[in-house]
Amino acid sequence: MNQEKVIVLDFGGQYNQLIARRVRECNVYCEVHSCQLSVERIREMSPKGIIFTGGPDSVYLEESPRCSREIFDLGIPVLGICYGSQIMAHLLGGAVKTAPVSEYGKTETNVDTSCTLFKNVSGSTICWMSHTDYIERPPEGFRITAHTQDCPVAAMECTQRNLYAVQFHPEVMHTTEGQKMLSNFVHDICGCAGQWKMDSFVETAIREIRERAGNGKVLCALSGGVDSSVAAVLLSKAVGKQLTCVFVDHGLLRKDEGDEVEAVFGPEGPYDLNFIRVNAQERFYKKLAGVEEPEQKRRIIGEEFIRVFEEEAKKIGAVDYLVQGTIYPDVIESGLGKSAVIKSHHNVGGLPDHVDFKEIIEPLRLLFKDEVRRAGRELGIPEHLVSRQPFPGPGLGIRIIGEVTAEKVKIVQDADAVYREEIAKAGLADSISQYFAALTNMRSVGVMGDDRTYDYAVVLRAVTTSDFMTAECANIPFEVLQRVMNRIVNEVKGVNRVLYDLTSKPPGTIEFE
């Protein structure tokens with residue numbers, strides 16, 4: 001993408017995606033890269049600004065992640081956040097030590113409002129702290145621009161070199177004026193105009209896909225979810241009848257979903273697509289027999305997906321490109337530099353070593369979920385498809401704890417259908433970001449009528465989130481949960497217990513696997 005950009009260098013922080021998302025909210029394009037990105041590569045990218053993430057390590061330990069000191073000599077504005085502020089201080093001759101008092105959570109912070117980073121920010125503001133180390137002494141040429149009761153250097157700056165650092169996390173919502181600070185950095189310090197818009201992305205993507213694909217045949221992996229649907233329509237507008245969409249029903253979809261996908265994208269649907277449905281349920285169940293570990297299930301499902309596509313491509317003849325609906329959180333969560341692999345995705349980390357296509361096209365791999373929805377609206381996709389809830393590529397295979405069987409799939413499909421119906425009846429569907437039923441591997445004693453049962457427990461999951469990178473448990477009225485529980489226990493064979501998951505993200509993930 002040839003436009004102004006800010007890059008985020010990741011030192012292993014859990015909020016790396018969130019920083020990039022907040023910068024994009026300033027209408028400035030942003031990418032996340034490893035902290036080990038070379039100075040030469042940074043020069044080639046010509047970013048308008050660089051942001052260092054937080055991280056769990058101590059900068060004074062030899063094995064801690066670090067970047068090249070030369071980054072500070074590029075003349076590009078740098079903002080260090082938490083660990084990023086400490087690595088800046090450490091590399092430039094300041095002192096970082098274990099803090100006498102650790103700070104966690106919302107903290108009253110006094111800021112110098114004459115500092116450009118804190119323009120229009122209250123002199124006393126609430127910031128989110130999460131650190132056990134602190135900057136004891138700033139490097140030469142820096143001045144302190146914020147402090148707390150226990151942290152003498154909550155922020156610092158060296159305006160001559162355009163270097164800024166904050167010990168807190170401006171990217172999280174708990175820092176009440178954090179978005180102002182990031183906007184000040186991106187617009188006032190980096191000089192970004194903020195012209196990155198979704199309509200320009202769509203136009204650029206269609207043009208680039210046409211140039212890249214040429215006259216080649218294109219095969220799109222269509223699941224019917226938001227990401228693959230937007231990718232399919234985008235490709236259709238770019239290459240027309242060169243595109244064939246293959247929908248693999250792996251038997252791990254929600255209840256009746258296979259037929260719903262065919263109704264939208266098949267011959268009777270509104271789109272002029274070459275559509276093929278492959279019913280491969282038994283094939284996937286056989287591959288998953290005896291497998292319990294979630295990462296292994298993801299990889300098995302991912303590889304089998306690719307193999308099915310290869311087979312369909314051979315039937316079509318000489319397919320050059322495979323299209324997938326990979327989005328940016330998929331890429332980052334599948335592992336980036338020092339970041340932990342949270343989960344591999346079948347369209348990123350689950351690819352086999354050999355794929356029988358010339359190239360894989362992932363037109364959405366630089367977009368976050370809400371940006372994909374905006375692109376879908378820009379493409380004219382109906383709202384009921386664009387606003388559809390996220391559904392993992394491996395489907396119910398990862399919402400079933402333990403081994404996947406046809407019987408368990410039916411249980412979770414039926415329980416999920418009941419849950420969705422009751423949420424809709426209660427008028428809550430639009431206020432919950434994502435909700436679903438999952439099947440635990442736990443069986444327990446129950447009683448129905450006069451008989452003893454020994455059946456499964458179903459877990460209900462529901463979260464609210466603005467970006468799917470952090471999430472909170474949805475506050476569903478107890479009477480609604482009770483209705484769902486009663487119906488599932490009475491209507492779904494094999495279930496005698498229903499639980500509600502209260503876990504936020506982090507420490508959990510949104511998916512229950």
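Confidence comes first: this is a predicted model, and across the chain the pLDDT, the predictor's confidence in each residue on a scale from 0 to 100, averages 87, with 94% of the residues scoring at least 70. Over residues 336-354, however, the pLDDT is below 50, although this stretch has 63 contacts in the model beyond near neighbours in sequence, a contact being heavy atoms within 4.5 Å. Where pLDDT is low, the predicted coordinates should not be read in detail.

A word on conventions. Residues are numbered from 1 along each chain as its sequence is written, and side-chain values use heavy atoms, with hydrogens and water left out. Local features need pLDDT of at least 70, and side-chain atom pairs count only at pLDDT 80 or more, whereas totals for chains, interfaces and linings use all residues.

Now to the sheet. Helices (H or I, at least four residues) and strands (E, at least two) are DSSP runs, numbered from the N terminus, and two strands pair if DSSP finds at least two bridges between them. Five strands form an open sheet with parallel pairing, in the order β12-β11-β10-β13-β14. Because β12 (274-279) and β14 (359-361) each have a single partner strand, one side of each is left without a neighbour in the sheet.

Strand β10 (residues 218-221) runs parallel to β13 (residues 321-323) and is joined to it by three bridges, and Val 218 has Tyr 321 as its bridge partner in β13. β11 and β12 pair in the parallel sense over six bridges, with Asn 279 in β12 as the bridge partner of Asp 249.
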